Structure formats: structure tokens, C-alpha cells
Amino acid sequence: MMPIRAYIYCANFVLPTGDTVLSIAPVITIFGRHATGCKYAGDEFCKRCDCRKHFRWTKDGKQYRQKAGTRSWEEAEELKRQLLVYWIIILHLANE
Ligand SMILES: [Zn+2]
């Protein structure tokens, strides 16, 4: 995992366009897809059940969804951070 200091550095990295990486990286939202019969169905941001977690984000006006591959909200948060780091790397490369 990337050290948090490097992550903050990358997120605040100013691109030649004047934007920071964080300002143009997509905002990734975690949500749960509840199993049939889950008592938290209806609340897609519920952190208490162990139903499958997914990510969604919008880029260039298009909505993307991806399985987080975990049932733990905490683990999804960690993966989300890694996904953001991945975007940061892509943006770095695109602006080199
Ligand atoms: Zn659930």
C-alpha cells in the first residue's frame, strides 16, 4: 500500500493545466447491493450488513460500476483509496 504522505502529495500534485490531480480524479462512491431478505435493503450506504459492496463513479458523463470484491465496508474503503491512487498514476502519466 502507498504511504499516506505520498498519497496526499500525489492528490495535490498540480498538473500543467493548473488542476490538482484530486480535483479531476473521479469521485468514487461505495454502495452495497443487498441480498434478498437483508433487513437493510433500501439503504445502499448501510455499513452494518455483510452484503456485497460495489463502487461507482462518473467520468466524462458516463457512469461506471465495479464490484468491490468484498463484503466489508472498511475493506471497500481501503480498495477505494487504491483505486484513487490508480487514477492518480494514470493522470500523472497522461500529463508527463
Ligand atoms: Zn445488506
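Tryptophan 57 stands opposite tyrosine 64 in E3, within a model that is predicted. Helices (H or I, at least four residues) and strands (E, at least two) are DSSP runs, numbered from the N terminus.

The hairpin of E2 and E3 has two residues between the strands, and aspartate 60 takes a phi near 50°, a positive value in a residue other than glycine. Aspartate 60 counts as exposed because it has 5 C-beta neighbours inside 10 Å; with C-beta atoms placed from the backbone, a residue is exposed if 12 or fewer other C-beta atoms lie within 10 Å of its own, buried if 20 or more do, and partly exposed in between.

## Helix H3

Helix H3 (residues 73-94) has 22 residues, which at 1.5 Å a residue should span 32 Å, and the 31 Å between its end C-alpha atoms agrees with this; the expected span is 1.5 Å times one less than the number of residues.

The buried residues of H3 are Ala76, Leu84, Trp87 and Ile88. They cover an arc of only 135° around the axis, which means that they lie on the same side of H3, the arc being that of the directions from the helix axis to the C-beta atoms. Exposed residues Glu74, Gln82, Tyr86 and Leu93 are carried on the face of H3 turned away from its buried side.

## Overall arrangement

The protein has three helices and three strands, which follow the pattern α-α-β-β-β-α when read along the sequence. Of its 96 residues, 10% are buried. Among contacts with a separation of 6 or more, 40% are between residues 24 or more positions apart, a contact being two residues whose C-beta atoms, placed from the backbone, lie within 7 Å.

## Confidence and conventions

The mean pLDDT (the predictor's confidence in each residue, from 0 to 100) is 83 for the protein, and 82% of its residues reach 70 or more. Confidence is lowest in helix H1 (residues 4-11), at a mean of 60, and highest in strand E1 (residues 29-33), at 96. Where pLDDT is low, the predicted coordinates should not be read in detail.

Residues are numbered from 1 along each chain as its sequence is written. In this predicted model, local features need pLDDT of at least 70 and side-chain atom pairs count only at pLDDT 80 or more, whereas totals for chains, interfaces and linings use all residues.

Methods. Pairing = 2+ DSSP bridges.
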